[in-house]
Amino acid sequence: MDYLIVKWLHIVSSTFLFGTGVGSAFYLFFVTLHRDVRAIAVVTRYVVIADWLFTATTAILQPVTGFYLLHIMGIPISTHWVAVSLVLYVIAIGCWLPVVRIQMRLRDLSQLAYRAGVPLPAAYWRAFRWWVALGVPALFAFLAIFWLMVAKPA
């Protein structure tokens with residue numbers, strides 16, 4: 001019974017982690033390209049909240065449930081697909097940690113611009129480029145992890 005509960009938690013948390021990430025990225029990316037400062041100020045605020053509520057908690061839950069599943073199933077961490085998944089997870093989380101900080105900066109800059117009734121400053125656009133640059137490898141790392149978890153190639 002432990003196995004099924006932990007596996008369910010692992011799958012659900014990975015769905016929240018990936019879904020929140022993709023959804024938040026979609027909205028933040030396209031609202032920024034639209035350049036409506038008020039809309040950007042609103043969306044960035046909720047993206048930061050979603051990251052703390054869903055992404056942060058599931059980013060912690062994933063390795064906890066994953067390691068426990070490996071233990072239950074007797075699969076060594078050195079198994080190729082597990083080792084590659086762990087490396088990709090470290091890369092993805094390594095990209096995500098600065099993204100959280102960048103999103104808070106985007107939120108703050110857009111709030112200031114909205115309150116002042118001015119366009120987004122150059123600092124917003126620099127931070128936004130970094131946000132995209134870090135988001136792309138994280139996305140592909142998570143996609144590869146999903147494939148490895150399902151396929152478990154030798």
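Sorted by class, the residues lining the second largest pocket come out as 15 nonpolar, five polar and one charged; here Ala, Val, Leu, Ile, Met, Phe, Trp, Tyr, Cys and Pro count as nonpolar, Asp, Glu, Lys and Arg as charged, and the others, Gly among them, as polar. The model is a predicted one, so local features need pLDDT of at least 70 and side-chain atom pairs count only at pLDDT 80 or more, while totals for chains, interfaces and linings use all residues. Residue numbers start from 1 along each chain as its sequence is written, and side-chain values use heavy atoms, with hydrogens and water left out.

That second largest pocket holds about 500 Å³ of space. A pocket here is an open set of points on a 1 Å grid over the protein atoms alone, where a 1.4 Å probe fits, with protein on both sides within 12 Å along at least five of seven lines; lining residues have an atom within 4 Å of a point. Grid points are joined across faces, edges and corners, and the volume is the space filled by probe spheres set on them. The lining of the second largest pocket runs to 21 residues, with Gly21, Ala25, Gly135, Val136 and Leu139 nearest the centre. At least two lining residues come from each of H1, H2, H3 and H4 (helices are DSSP runs of H or I, at least four residues, numbered from the N terminus). H1 is the top contributor, giving eight.

Turning to the largest pocket, its space comes to about 620 Å³. It is lined by 25 residues, and His10, Gln62, Gly66, Trp81 and Met149 sit closest to its centre. Two or more lining residues come from each of helix H1 (2-34), helix H2 (37-73), helix H3 (80-116) and helix H4 (122-151).

As for helix packing, the axes of H1 and H2 lie 7 Å apart at an angle of about 155°; axes are lines fitted to C-alpha atoms over the stretch in contact, with angles from 0 to 180 degrees between N-to-C directions. H1 is therefore roughly antiparallel to H2 (the label for angles over 145 degrees). Their contact has 20 nonpolar, 12 polar and two charged residues.

For H2 and H3, the axes come within 9 Å and cross at roughly 160°, which means that H2 is roughly antiparallel to H3. The contact of H2 with H3 divides into 22 nonpolar, seven polar and four charged residues.

Methods
Angles under 35 degrees count as roughly parallel, over 145 as roughly antiparallel, 65 to 115 as roughly perpendicular and the rest as oblique.
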